[in-house]
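Here is a quick walk through one protein model, with the sequence and structure to follow along. Have both open as you read.

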Amino acid sequence: MFSAQDSVWMAQALHLAEQGLYSTSPNPRVGCVLVADEKIIGSGWHQRAGEPHAEVHALREAGGRARGATAYVTLEPCSHHGKTPPCADALIVAGIARVVVAVQDPNPKVASEGIAKLRAAGIAVDCGLMEAAARELNAGFFMRMTRGSPWLRSKIAMSLDGRTALANGVSKWITGEAARLDVQHWRARSCAVLTGVGTVLADDPRLNVRDVAALTRWGGALGCGMGCQAEDGVLEASIERKADAAERQPLRVVLDSKLRVPLNARILQGGNAMIYTARRDEQKISLLHDLGVTVMVLPDDREQVALDAMLRDLAQRGCNEVLVEAGNTLNGALLRAGLVDEMLLYIAPQLLGDSARGMAQLGELASLDQRIKLKWQDMRQVGNDLRITMKVENV
């Protein structure tokens with residue numbers, strides 16, 4: 001069904017889709033390449049939510065040359081009217097002869113209707129080319145549409161023996177500057193950053209995106225291996241994307257069952273902050289509202305925050321990816337509940353000893369059948385530390 005050249009053009013479209021890594025949420029990241037006579041005549045990507053989609057940018061660049069061309073799109077063209085007109089209609093009007101789609105759209109508003117509309121108009125449609133890569137790029141969007149909750153990525157900085165802080169709670173800094181800058185990339189691509197009140201009380205973090213310009217100096221943030229250099233033009237594009245990231249700060253979320261967060265906590269400053277609690281303290285909630293903080297009371301039967309309900313609520317607010325930056329209590333709770341999809345580990349070449357705090361409170365396992373199984377995804381050196389990404393298999 002697909003030729004080697006089809007794969008080349010789709011790879012180009014996927015590369016374009018990555019340009020929207022920091023700016024398209026809650027929409028998916030999508031790229032489009034138009035090809036005629038074995039040459040690219042138009043290309044584009046979805047740059048920001050509410051703005052034209054990838055297909056529209058590519059069609060504008062191609063103009064009249066689009067008639068009879070082939071379109072390579074990383075996600076099924078939309079068929080419904082949202083903030084922008086349907087892209088399927090635009091492709092039909094432009095006279096596109098063939099559309100190659102990486103993956104069908106999981107959005108029930110589309111749900112193969114875009115492909116059906118194109119075929120009904122006499123356009124040849126082939127679907128499934130480089131599907132795994134397209135899904136990976138929009139893992140959060142797919143999860144939100146199919147599971148009703150975001151992609152949950154837990155970031156943990158630890159020593160080689162799996163310790164995240166000394167027994168007295170001191171943890172600054174286990175990992176080096178390069179690793180801390182690399183984390184900014186993951187914050188920038190996330191819709192929300194989640195932490196627990198224990199971390200707020202101990203460290204008073206901001207959890208915002210910063211050092212964006214400095215971030216571009218590190219290969220790990222550009223998707224390179226250790227020591228690699230960006231190709232011509234890639235670094236400039238990366239700087240522009242991270243400038244977008246600085247403009248779009250993630251929602252900062254605190255899990256605080258007893259509503260202990262101080263009103264002067266830095267994470268609450270500047271708006272765009274939210275607290276999930278199990279305690280209905282109207283006076284404290286009113287004071288938090290005055291600060292511009294959204295408070296949701298979602299108790300479970302143990303008077304703790306209902307974690308699954310919290311994630312469903314974040315999904316309803318348009319969150320595709322959530323980055324967890326928390327201590328071993330919250331990390332353990334999320335892992336035990338089977339809610340973590342991916343683990344992002346920064347491992348420093350040092351040992352902190354048995355008395356130091358571990359990465360997650362999992363409790364005692366009665367058998368190996370209860371262990372949490374992980375799947376290796378990527379490993380690379382960032383400065384003097386290792387960055388390992390793994391997917392959680394038993395979720």
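## A nonpolar patch

Leu263, Leu287 and Leu291 make a nonpolar surface patch of about 230 Å². Patches here are built from residues with over 30% relative accessible area and no salt bridge, joining like charges within 9 Å and nonpolar side chains (Val, Leu, Ile, Met, Phe, Trp, Tyr) within 5 Å. Areas come from the Shrake-Rupley method with a 1.4 Å probe, and for residues only the protein chains shown count as cover. Leu287 sits in helix H11 (residues 282–290) and counts as partly exposed because its relative accessibility is 36%. For that label, buried means under 20% relative accessible area, exposed means over 50%, and partly exposed is in between (1.4 Å probe, protein chains only).

This is a predicted model, where local features need pLDDT of at least 70 and side-chain atom pairs count only at pLDDT 80 or more, while totals for chains, interfaces and linings use all residues. Residues are numbered from 1 along each chain as its sequence is written, and side-chain values use heavy atoms, with hydrogens and water left out.

## The chain overall

The protein chain has 13 helices and 16 strands; helices (H or I, at least four residues) and strands (E, at least two) are DSSP runs numbered from the N terminus. Of its 395 residues, 52% are buried. The chain exposes about 18,200 Å², with 50% of that supplied by carbon and sulfur atoms.

Take contacts (heavy atoms within 4.5 Å) between residues at least 6 apart in sequence: 70% of them join residues at least 24 apart.

Which residues of helix H3 are buried? In H3 (residues 87–94), they are Cys87, Ala88 and Leu91. They share a side of H3, because they cover an arc of only 105 degrees around the axis, taking directions from the helix axis to the C-beta atoms. These buried residues pack against helix H2 (54–62), strand E3 (70–73), strand E4 (98–101) and helix H4 (113–120). Just past H3 comes Gly95, with a positive phi of about 85 degrees.

Helix H13 (residues 328–336) has Asn328, Leu330, Asn331, Gly332, Leu334 and Leu335 buried. After H13 comes Gly338, again with a positive phi, near 70 degrees.

## Salt bridges

There are 20 salt bridges in the structure, each a side-chain nitrogen of Lys or Arg within 4 Å of a carboxyl oxygen of Asp or Glu. One of them joins Arg29 and Glu321 at 2.8 Å, N to O. Arg29 is in the loop between helix H1 (4–17) and strand E1 (31–36) and Glu321 is in strand E12 (residues 321–324), so the pair ties together parts 292 residues apart in sequence. Arg29 is buried at 4% relative accessibility, and Glu321 is buried at 2%. Arg29, Arg153, Arg189, Glu321 and Glu342 form a network of salt bridges.

Asp204 also forms a salt bridge with Arg266, the closest N and O atoms being 3.6 Å apart. Asp204 is partly exposed at 27%, and Arg266 is partly exposed at 27%.

## Around strand E11

Val297 lies in strand E11 and is buried, with a relative accessible area of 18%. Leaving aside neighbours within four places in sequence, Val297 contacts Thr277, Ala278, Arg279, Arg280 and Ile285.

Asp300 is in the loop between strand E11 (294–297) and helix H12 (307–316). The side chains of Asp300 and Arg302 meet in a salt bridge (3.3 Å, N to O), and Arg302 is exposed at 61% relative accessibility.
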